[in-house]
Amino acid sequence: MSAATRELFAAEARSERPDLARLCLLLAAEADPGLDERAMDWAQIELDRLAGMLPYGLRGARAWASAVTELLGGRMGFHGTPADYDRLSSSLLHEVLRRRRGLPILLSVVWLEVARRAGAPVYGLGLPGHFVIGFGDPEDGVVADPFAGGASLGAGPAELAAGPRTPARTLDIVLRILNNIRVWASSRPEQSGVALWALDLSLLLPSHPAALRYERARLLVERGAFREGAGEMEAYAEVMDAVDADAAARIRAEAVSARALLN
């Protein structure tokens with residue numbers, strides 16, 4: 001991703017109403033240098049096209065859930081498989097639109113964006129280890145699982161039954177996508193560059209866990225950027241001084257060890 005594209009990502013994330021699809025496409029540009037504005041336009045047009053295929057005048061959560069599932073999970077064949085967890089492309093919106101396969105959260109993004117464009121009362125729901133979508137009132141609306149082709153979850157599983165259901169915010173969805181990418185890269189040492197850009201984008205979000213700064217510093221050291229990594233560790237230790245002095249001391253010791261690797 002160019003510096004200009006990262007600036008667009010940061011600006012969109014800080015806008016009054018961040019655009020989920022645009023953020024996902026700008027994110028995907030890190031992984032796919034060929035994803036230029038023209039390709040991003042294609043993805044947005046495809047979402048519009050799919051939305052235009054939904055029936056007009058739908059009323060009620062069940063009617064919306066049924067129509068969106070019939071279109072996306074049925075006619076268009078969007079769903080996930082266990083093998084999708086092994087592919088970075090499963091976290092890239094344009095690839096999910098092209099392949100009609102992806103991780104639960106990216107398939108949910110497709111469901112959300114298509115349904116929203118058609119006027120549906122739809123929202124995302126982040127569950128432990130899974131992501132689904134809901135239609136209607138978050139307290140008792142219909143919940144569907146895009147990874148399973150839109151299968152209804154009814155009142156379960158237990159995470160749903162033990163309300164309240166809190167719709168996921170746009171930036172929380174983006175951060176979760178970036179977390180998934182980091183997890184994917186963490187088990188593949190040759191993909192440390194992917195983990196680094198996922199961290200960089202996470203840190204551009206207006207709200208993110210402070211510990212990501214420390215994670216980035218450690219990754220820099222692992223990649224051989226000893227001086228830069230040590231500097232970031234020391235900066236993070238200053239932040240930690242007011243919270244956990246012992247942890248700050250340990251981080252400073254790590255920084256000293258990283259600088260020693262320069263010799």
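1. In helix α9, the residues Ser 192, Val 194, Ala 195, Leu 196, Trp 197, Ala 198, Leu 199, Asp 200, Leu 201 and Ser 202 are buried. Please keep in mind while reading that this is a predicted model. Because 10 of the 13 residues of α9 are buried, the helix is largely enclosed by the rest of the structure. The neighbours against which these buried residues pack are α1 (3-13), α2 (20-31), α8 (170-186) and α10.

2. The strands deserve a separate look. Four strands form an open sheet in the order β1-β2-β3-β4, and their pairing is antiparallel. The strands β1 (122-127) and β4 (151-152) stand at the edges and have a single partner strand each, so one side of each is left without a neighbour in the sheet. In general, the strands of a sheet pair through backbone hydrogen bonds, and the pairing may be parallel or antiparallel.

3. Within this sheet, β1 and β2 (residues 130-135) run antiparallel and are joined by six bridges.

4. Turning to the aromatic rings, the count comes to two aromatic pairs. Tyr 85 and Phe 147 form an edge-to-face pair, with 5.7 Å from centre to centre and 65° between the planes. Tyr 85 lies in the loop between α4 (61-75) and α5 (93-99), while Phe 147 lies in the loop between β3 (142-145) and β4, so the pair ties together parts that are 62 residues apart in sequence. Tyr 85 is partly exposed, with a relative accessible area of 40%, whereas Phe 147, at 16% relative accessibility, counts as buried because the cut-off for that label is under 20%.

5. The rings of Tyr 214 and Tyr 236 make a stacked pair, because their planes stand at 10° and their centres are 5.7 Å apart. This pair links distant parts of the chain, with Tyr 214 in helix α10 (residues 211-222) and Tyr 236 in helix α11 (residues 226-241), 22 residues apart. Are these two tyrosines, Tyr 214 and Tyr 236, buried or exposed? Both Tyr 214 and Tyr 236 are buried. Helix α10, which carries Tyr 214, is also among the helices against which the buried residues of α9 pack.

Technical notes
Residues numbered from 1 in each chain as written. Predicted model: local features only at pLDDT ≥ 70, side-chain atom pairs only at ≥ 80, totals over all residues. Heavy atoms only, no water. Pairing = 2+ DSSP bridges. Helix = DSSP H or I, 4+ residues; strand = E, 2+ residues; numbered from the N terminus. Phe/Tyr/Trp six-rings, centres within 6.5 Å; stacked < 30°, edge-to-face > 60°. Buried < 20%, exposed > 50% of the residue type's maximum accessible area, 1.4 Å probe, protein only. Contact = heavy atoms within 4.5 Å.
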